[in-house]
Amino acid sequence: MSGSGGDRARRHTRHFLAWARSAAPVHLGADVDMTRVEEHRAAERAAGRRVSVVSFLLYAAGRVLATHPEARRLARGGLWPRTVALPGAAGGVAAKLALDRRGPGGERVVLTAVLPRTDTATLTEIQDAVDRCRRSGPPEPPGAAAVRLLNQLPPPVGQLAFRFGVRAPAARERRLGTFAVSSLGHRAVDVFHSYGGTAVTFCVGRVTDRAVVRDGHLAAAPVMRLGLTFDHRVLDGAAAADVLDGVVKRLEDWHGDLSGTRGEPRDGAGIRPARTGDRPRGPLGTGP
């Protein structure tokens, strides 16, 4: 692979990074007890279906973001800073998913796809969308044509084109989503932080067995360390912590009935009310 070919394939990433320098990213993190999610994944595998951890996160985060309008905004203005609401032009609460792909010359590049309606889509619908993006012949996930155009333009022109393409709130949401998700959970990565160009970005590490305390006794449980990067120009720490807490609770409180249910009742933290027969929550998060 020539250096120039690899550089050209990553021009869109450089355009994004240059544009993103104006952000004020702050990083949070939490441990998530994935016991219930892993039980659900095992049941799906036994039935011949694969559901990724990322799909569970997209499902949970989409519904939590739907209850937090302050996290569905973007920062505007320099001399007169303000925040502007995203219009939902991408389809409800849309998620930008980062994908690791191979370029035409074999170089590894990061491409993204925007998945609409994560606040109302079922888990199965979200997994189907993720699978379509991952199965697309390289480099052809949604948005690949625009990336190719950016990479073909001279760098100064490409950078201007990128900035113009994400200037309007509706265009920003269509191209970058309402929130972003980046995953390195397929590697031995526990913690990392990235900024996806949205008010909130979730960073997914691996799920691995760790020691937890349950009823005063040590036990092993599948734990995922979930990172959240928020743009401090848009959100304060307490509001971002509420978003992260809501996602953690949704994942730890996973119930099988959620995989195909739309519009199920939830409390202010995004948790389904307890029902007869529910077992106690895990130790790493506490329900209301």
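How many nonpolar, polar and charged residues does the lining of the largest cavity have? The lining has six nonpolar, four polar and four charged residues, where Ala, Val, Leu, Ile, Met, Phe, Trp, Tyr, Cys and Pro count as nonpolar, Asp, Glu, Lys and Arg as charged, and the others, Gly among them, as polar.

The model is predicted, with pLDDT of at least 70 needed for local features and 80 or more for side-chain atom pairs, while totals for chains, interfaces and linings use all residues. Residues are numbered from 1 along each chain as its sequence is written, and side-chain values use heavy atoms, with hydrogens and water left out.

View A. A search of the whole structure finds one cavity of 30 Å³ or more; a cavity is a set of points, on a 1 Å grid over the protein atoms alone, where a 1.4 Å probe fits but cannot get out, and lining residues have an atom within 4 Å of a point. The volume of the largest cavity is about 80 Å³, taken as the space filled by probe spheres set on the points, which are joined across faces, edges and corners. Leu-74, Arg-172, Gly-197, Thr-198 and Ala-199 are the closest to the cavity centre among the 14 lining residues. Strand β2 (residues 73-76) gives the most to this lining, with three residues; strands (E, at least two residues) and helices (H or I, at least four) are DSSP runs numbered from the N terminus.

**View B. The aromatic pair of Phe-56 and Trp-254.** These two rings form an edge-to-face pair, 4.7 Å centre to centre with 65 degrees between the planes; rings of Phe, Tyr and Trp (its six-membered ring) pair if their centres lie within 6.5 Å, and planes under 30 degrees apart count as stacked, over 60 as edge-to-face and the rest as tilted. Phe-56 lies in helix α4 (residues 53-66) and Trp-254 in the segment after α9 (237-252), so the pair ties together parts that are 198 residues apart in sequence. Phe-56 is buried at 0% relative accessible area, and Trp-254 is buried at 4% (buried: under 20%; exposed: over 50%; partly exposed: in between; 1.4 Å probe, protein chains only).

**View C. The aromatic pair of Phe-179 and Phe-202.** This edge-to-face pair has its ring centres 5.9 Å apart and its planes at 85 degrees. Phe-179 belongs to strand β6 (residues 179-183) and Phe-202 to strand β7 (residues 200-214), 23 residues apart. Both residues are buried.

View D. Gly-237 lies in helix α9 and is partly exposed, at 30% relative accessibility. The C-alpha atoms of Gly-237 and Leu-28 are separated by 8.7 Å.

Terms used
1 Å grid on protein atoms, 1.4 Å probe; cavity = no way out; pocket = protein on both sides within 12 Å on 5 of 7 lines; lining within 4 Å.
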